[in-house]
Each structure stands twice: as C-alpha cells, then as structure tokens.
Amino acid sequence: MDAGRFPLGVETATLGNAARLVPLVNSGTAHARYYLLHAAVAAASPAPAGAAAALDQARWRVRRAEVVLAAASLRHAQDAGHRIGAYAGEPHGYLRIGPELKSGSINVPALAQSYSKQTGGFLAVYRGAEIEAGLLARASGTLLPGAIAAKGPGMAAVLKLVDASTQDELSSRDLDSLLPDGCLCRVHEGAERQLLARLLFGSPVGGDNHAPAPAAVVRARRRTAATARLLLTAIDGKAAAESPDRAMAQLCYDDLAAVPKDLQEWALYWRGALLRNASVTAWRWLWWWLTSWLEEQPHTREQLADLLADALRRGAGSDGNVVQLLQASQPPTTAADLIVDVEDQLLYPNGEESEEPWNYLQVLAIGARRADELTGRARESFLELGELGPRWVRDWLAVSSHLTVTDFGRDLAGRLLRHAQEVSRRRIRWEAGRLRIPTRLRETGDLLDLAGSEGSQAPGLRLSRLRQILEELGYLAVEDDTIAVDRRMLGELA
C-alpha cells in the first residue's frame, strides 16, 4: 500500500480537457528549455525498448544535464544582468543545488544523485508534453528522439550545457564560461526563442528549414497556440498576481466580444472546461475536508459521517430537505445570457479558499444545473468523461430528494469512502514484484487512518505553466506589477 494520486478519480475530466486544449504544456512544465535539453540527451544517448542499461545511462545523463542547467542559472542569478521574470521561478532542483555553489565548485555526479528523487530527474514531468511535441518517441521504457528534430542555432546553449555535464567537477569559472547564454533567463532571446516558438506554437519566426511536422504535432501546436493567444488576451493589462484561471474565466464567461473571432469557438471550449473544473475542485475539497479529520486521529466511518452531517447542517442553517435548501440557497447562474461565476464566489469567498462543505455541495448542485444550461462546445468540454460527473450528481440529487441535510451528509460520507476504495481497487497492480495499492486510506478494524495528507490544492488546467513559458519566451512582461503583452509577438501565434 502506498500514497495514491486523485483518490476519487474526478480529476480525469480536468486532465482530459487540459490535454485537448493545451497539449504541449502540462502541470509540471515550468521552463521551456527543458524540452530542448531532454531532446538533446535523447539524440546523444538513445535508449531503445528493452535496453535497460542504455535507458539507465540516458536517465543519468538527463540528471547530470539538469544539474548543470540549474547551476548555471543560479550562478547567473547573482549577476546584475540576470533577467528576473515574474513567473519563471527557479530551475528544477535549486534547493539542493544552490547551496553547493557557495563552495566555488560543484560535484556533478554527487548532485545528480541527490537533487531529485525521481529516476530520470524531471524527465518524467516533461515527457508527456515532449512526446506530444514530437521531440521524444512515444514508446514507454525508451528515451529516443521523436519525429521532430531539435536542431540549428537555437540548440547552441543547450548543447554546451549537455557537454559540460560530462565533467565531474565544475568550478565557478567553468560555470561562468557557459554564461550568459546558459542561464534560463536568456531563453527569450534570439535563435532559441525562435526554435521553441516553432516547436510549441508552430510560429513561423526566423524562417523554417525543418521538415514538415506530422499532422498530430501540427494539431497539438495549433491548439496550444490558440490557448496561448486566448490567455494573453485574458491577462493583458491585469495585475501580475491575477490568477490565470480566473482571468480566463472572466474572458470566456462574457459575451466574447473581446475575443478574436477565430478564437470564439475555442473560448467556448474553455468556458466548459473551467466550469467543470470548479465541480472537480468541489469534489476534491470534500474529500480533503473529510479525510483531514484522520490527520488528527483515526475515526470510524460513522464518526466521519456525523462530522460531515453536522457541518452541512450548520452550513444549510437548518435540517430541512436537502434538495430544497440547495435550490433555495443557490444564486443565479446566468444574467442576461452571460455566465455568472457563482462557483468561484462559493469556492473562494472574499478571495480565500472556502472550508465549508456546504459551499462545496452547492457548487456540485450548480454543476448539475450547468449540464442543462450549456450548449455546443461549452457543453462538450463541461461533460468531459470523469468520475462523479455533473449528470451523475443530477441523478444522485434526484434520488436524494426525500433526505434531510443530516441524512444526506451521512450518505455522502459513506459514498465518498466507498468510491475512494473502489478507485484504489481498480488501480491495484503488480510493480517490481510487489502488490501496489495506491491509497492513503488505511482501515484497521473499525478505524480509518490516513498515511500523510490528501492536500487541498485545486486541480489546474495548466494555465499557470503556460503563462510561465509565455513570459520566458518574451510574449509578455510585467511592468509596475501589471502584465503587458507584446502585440507584435502575439501576432506570431495567429
């Protein structure tokens, strides 16, 4: 038994929408250069299927290259010429690698061993997006170049980093010889930016002498570029601290007058995806709220059911009929044919995450209504396949129409626990000679316990990561805490 991700399985809908709407970015792709770094290692150290030793060697080269990239970037961060972005953040592994720079040199293999717990460093984080971009082969258990070759002048800085990573000891002077181009802050300039703009967005900048991309890659680039244009439209002129998801919602829930005509259908897809993600968040927070009691001490199922029933009754204000109280407490979801973002108001009252299960339940009930309110593209993405979807909620509320809030709360607790156990059973598999049951929930006799914490982070649609990459590539900048979009470069994405 070990910790599992997505215990209710509801996040499948968010992951499905994100994969369709922004396929070349995922939840961990923080820096565009890592796409090129991993492609360079795959080209230099190919590892075909069944070649375990070659795969281990290739992963080791990835780890060493990531260490040198991080060290060079952290070294340059001490320089006055370092360009500090609002979102770019630190290179992967900076907490472990940064302190070692103080000694005047780094031991590359020692840091490669310790900077990440993952076998291939941060390769696994990027691998899915790199496969979709055509940079890596799709076959599992391999590290092979894909159909798209990352080549030309844009690879110069990356190739120097990979070459330097073959050295076991690098002094500060050695790292300085890789700078400034070896720093992540330089990705937005020149040939590397042009190469990444082509690989991620299909932007025809700086000429293109490369072979035509496969149709699937072209489609993935167009979708990622469409979302990038939509996001830049949404955040232009907004405060730097503005949530990209919230800014996108404000744009896509409106009458779309501010959206370029060729992106209006795309904006409707995003409308449905954002609304569905609110329901997914509500489910995730219900589970977090229920299991957070187990972090203090074990509880029985009956005790958890009573805790949830009490909280819902307090939130509802009475112990009347649950469906009638939900209907009476729901604010209007539309106004003048426009979407009113009541889900955000319930999940983030006063800008803070709600800790009230009644609010989560209201969001789920509103989602059931949205299934009938939305049409076309918005409805299509809203009804993306996933556990405990809006139509399931609608049917569940219909069969619960006779229950009081207390009885409903107890029933809900039981459903959550049973569903989580069913999801974990479906995921049982043999791995490395042992049975793996992915769950944090443990049952001993009548008591339930939790290994660790489920966490309350809301699921994301990759917009924060996309915003980071757009800043790295120079499509936006922050001026006086306000986001300014480069209109000339925005045209590249069309």
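So, to start: where in the chain is the place of R173? R173 sits in helix 8, residues 172-176, with helices being DSSP runs of H or I of at least four residues, strands runs of E of at least two, both numbered from the N terminus.

Quick caution: this is a predicted model, where local features need pLDDT of at least 70, side-chain atom pairs count only at pLDDT 80 or more, and totals for chains, interfaces and linings use all residues. Residues are numbered from 1 along each chain as its sequence is written, and side-chain values use heavy atoms, leaving out hydrogens and water.

Back to R173. It counts as exposed because its relative accessibility is 71%; exposed means over 50%, buried under 20%, partly exposed in between, with a 1.4 Å probe and protein chains only. C-alpha to C-alpha, R173 is 22 Å from V187, though 14 residues separate them in sequence.

Zooming out, the chain has 21 helices and 11 strands. Of its 494 residues, 51% count as buried. The C-alpha atoms fill a box of roughly 70 × 55 × 40 Å along the principal axes.

Who meets whom? On the helix 2 side we have R33, Y34, L37, H38, V41 and A44, and they meet A58, R61, V62, A65, E66 and L69 of helix 3, contact being heavy atoms within 4.5 Å.
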